[in-house]
Amino acid sequence: MNGKDDLQELEARFLAEIEKAGDERALEDIRVAALGKKGEISTRMKGLGKLPPEERKSMGQALNALKSRIAEAIAARREVLKQQALAARLEKERVDVTLPVRPEHKGSIHPVSHVWEEVVEIFADLGFSVAEGPHIETDWYNFEALNIPPEHPARQEHDTFYFHRKDDGTRMLLRTHTSPVQIRTMESTPPPIRIIAPGRTFRCDSDQTHTPMFHQVEALVIDEETHMGHLKWTLEEFCKAFFETDSVKMRFRASHFPFTEPSMEVDINCSWEGGQVKVGEGDDWLEILGSGMVHPNVIRAGGLDPERYQGYAFGIGLDRLAMLKYGIPDLRAFFEADLRWLRHYGFSFLQVPTLAGGLSA
Ligand code: DAH
């Protein structure tokens with residue numbers, strides 16, 4: 001058998017097949033048949049040893065050259081096929097952006113998502129940015145760095161979900177509030193700091209006003225001159241914007257949180273006429289948030305110098321805000337995924353809350 005003629009024939013055959021390959025899979029089959037471990041070219045390479053020494057060298061060179069020509073042809077064809085596949089996909093997945101919105105859409109935005117967006121919109125306008133932290137936290141971030149040492153009574157109130165203990169005795173937990181984001185933000189961001197952190201929180205608790213998973217929004221402001229007047233003004237602006245009324249009255253009550261000193265709880269006025277709560281009317285009071293000036297221990301735990309930096313923080317229940325603003329009576333229904341409830345209380349996805357366009361309208 002004349003080896004060189006055989007190679008020419010082989011090359012012609014493979015090149016023709018490569019040219020004909022209709023997709024990347026077919027091309028891969030050809031590659032395996034030619035260059036794969038048991039492919040025709042590899043088999044011939046293995047047979048080199050049986051050739052007489054004078055033929056071995058030239059045959060080896062010829063095989064190597066053939067191998068690279070085939071590999072190049074495959075690569076070139078693959079590129080062509082890729083381009084063709086892309087062009088076909090672009091053609092097939094074309095979207096007509098001029099089509100009108102279909103009126104029969106069924107989905108809706110959950111009230112919590114809507115209120116979340118409203119809150120972000122209001123605070124963005126006040127110069128706050130949005131920060132995030134993990135749902136699964138360490139004891140340090142959730143408690144200790146927030147000035148809640150192991151024996152502190154506040155730990156009982158938090159009804160914490162713990163994970164199994166690790167070999168070193170520590171255990172992770174589901175964050176019981178968004179306050180750990182305060183510490184994480186101080187660690188990662190040089191002051192001045194002005195953030196809100198909306199997110200999910202978890203406590204082992206369930207009744208008409210408590211669910212094991214709920215939502216809070218935390219706020220943290222840290223710089224060199226912030227004082228309680230700033231805190232109060234910010235909260236007033238927030239309440240007016242959120243409840244979309246200038247008439248809402250606020251009451252600041254001295255309170256206690258380990259991570260703030262002094263601490264205040266904030267109530268807003270409301271009426272309960274006909275069993276329905278109306279914010280900004282009447283003489284009843286409803287607690288909506290906890291706040292205060294950040295405790296020096298917390299600032300220190302965040303890696304900053306409390307002699308130089310100070311600031312305020314507050315935490316609001318997002319679900320609570322949604323219930324109040326949209327007159328939703330039972331918190332548990334928020335997380336039952338009942339379609340009738342969602343259609344009733346949900347928002348259209350076209351209804352993006354903006355301060356200019358209106359938050360709830
Ligand atoms: N972390 C508190 C809670 O879940 C709420 C809170 C109170 C947050 C006062 C704050 C604050 O930032 O200053 O009960």
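A residue is called buried when its relative accessible area is under 20%, exposed when it is over 50%, and partly exposed in between, using a 1.4 Å probe and protein chains only.

Please note that the model is predicted: local features need pLDDT of at least 70, side-chain atom pairs count only at pLDDT 80 or more, and totals for chains, interfaces and linings use all residues. Residues are numbered from 1 along each chain as its sequence is written, and side-chain values use heavy atoms, with hydrogens and water left out.

Let us turn to the overall form. The C-alpha trace spans about 105 × 55 × 40 Å along its principal axes. An automatic or database assignment sets the domain bounds, giving domain 1 (4–92) and domain 2 (111–345). Their centres, taken over C-alpha atoms, are separated by 65 Å.

Next, the backbone. Most residues other than glycine have a negative phi, and most peptide bonds are trans. Where does this chain have a cis peptide bond? One runs from Pro-191 to Pro-192, with omega near 5 degrees; another joins Glu-261 and Pro-262, with omega about -5 degrees.

Is each of them buried or exposed? Asp-159 counts as partly exposed because its relative accessibility is 30%, while Ala-337, at 61%, counts as exposed.
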